[in-house]
Amino acid sequence: MAALPQEVEAWLGHVVVTQTSGAAAEVGAFRLFCAAVEDANPLYRDSKEAHDVAGGPICPPALLSAWSRPDPWEPDGRPVSRALELHFRLKEALGLPKAVVTRSETELHAPIRPGDRVIAQQRLDAVSPVAENRLGQGRYWTISVLYRRACDDVLLGIETLGFFGYGRDEG
Amino acid sequence: MKPRFQQGTRLPPHFVHFTARHIILGAMASRDWQPQHHDHEHARAANLPGIILNTPAQTQWFLNYVTAWAGPQARPARWRLGMKSPISPGDAVTFSGMIESAQADAAGHDWVVFSLEMIRGSRPVSHCRLMCAVGEGVWRLSGADWQPPLFDTLPA
């Protein structure tokens, strides 16, 4: 059985990558996303119901991962960073250029509110031994992303993603 | 304490005809710039049927389906999403769902687990298991007072 590369062994159980939000959460962005999915929930708007029920407008929960995603272009020409950077580093370290998501689970804590900036801490939870399925030989791995409010470190949610990486170039 | 929601209750079906606008706007509004969500030629070259609905938009469609029925007092706590087949412009999808379990806690809030599906034709294309807390004041719970149970700790 092929051993894990040393650097991957060292990553196991640790936060390896921390990404800070490029964008602050804001009500206009909530509205646009609600328009995309035709969601009339008044809590996502600056409405009386939002203040009565939730103490003010909240971000649609499925946008948890949105705020730490890098912009697609930087004005000073800097290279754009990759969303879920740890996943790409792992693919490179294991020599597995292709990967598919096999499962995803999200647990929500404090709601994101207008003005919040979000930090995403990417932790490597597990890497399987070499396995084989219909896509070929590869490995399964699990990454958890802990989303925290930048100003006070409050936990906003945890996303756990399972992947299968494959397609090793044997040439 | 007896929960106000009944296990086995079925949600009314909801029909959506997905367009390119749904797919592209859903991706852009969730800051997802990956080309398979906005570039038709790129998606076709990757053996996809066309541009595909991204994960955050798909998730919020499920959350929307439940909160439109249960009301804004339903606070999503946990979900598990299983995507079986991509959703592209032109797809006609029916949402269906039922209450898998419901349990009241000591504070009088209900923890409700929904089993939800998107169905195209007769084929399920996506499944979501969604847990919500429902009741007065659930949105104001925080810290130690907000502890979503694991899926498997609630009775089915």
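Me: Against which helices of chain B do the buried residues of α2(A) pack?

Reply: The buried residues of α2(A) pack against α1 and α3 of chain B. This is a predicted model, in which local features need pLDDT of at least 70 and side-chain atom pairs count only at pLDDT 80 or more, while totals for chains, interfaces and linings use all residues. Residues are numbered from 1 along each chain as its sequence is written, and chains are lettered from A in the order in which they are written.

Me: What makes a residue of α2(A) count as buried, and which residues are these?

Reply: A residue is buried if 20 or more other C-beta atoms, placed from the backbone, lie within 10 Å of its own; it is exposed if 12 or fewer do, and partly exposed in between. In α2(A), residues 27-37, the buried residues are A:Ala29, A:Phe30, A:Phe33, A:Ala36 and A:Val37. They cover an arc of only 120° around the axis, so they lie on the same side of α2(A); the arc is that of the directions from the helix axis to the C-beta atoms. An α-helix has 3.6 residues a turn, so residues three or four places apart point the same way.

Me: Why is α3(B) described as mostly covered?

Reply: Of the 16 residues of α3(B), 13 are buried.

Me: What makes up the side of chain B that touches chain A?

Reply: Two residues are in contact if their C-beta atoms, placed from the backbone, lie within 7 Å. On that basis, 29 residues of chain B are in contact with 31 residues of chain A. On chain B, α1 (20-29), α3 (55-70) and β2 (74-83) each supply at least two residues of this side, and α3(B) gives the largest share, eight residues.

Me: Why are β2(A) and β2(B) called paired?

Reply: Two strands pair if DSSP finds at least two bridges between them. Strand β2 (residues 98-108) of chain A and β2(B) have four bridges in the antiparallel sense, and therefore meet the criterion. Within this pairing, A:Glu107 has B:Arg78 as its bridge partner in β2(B).
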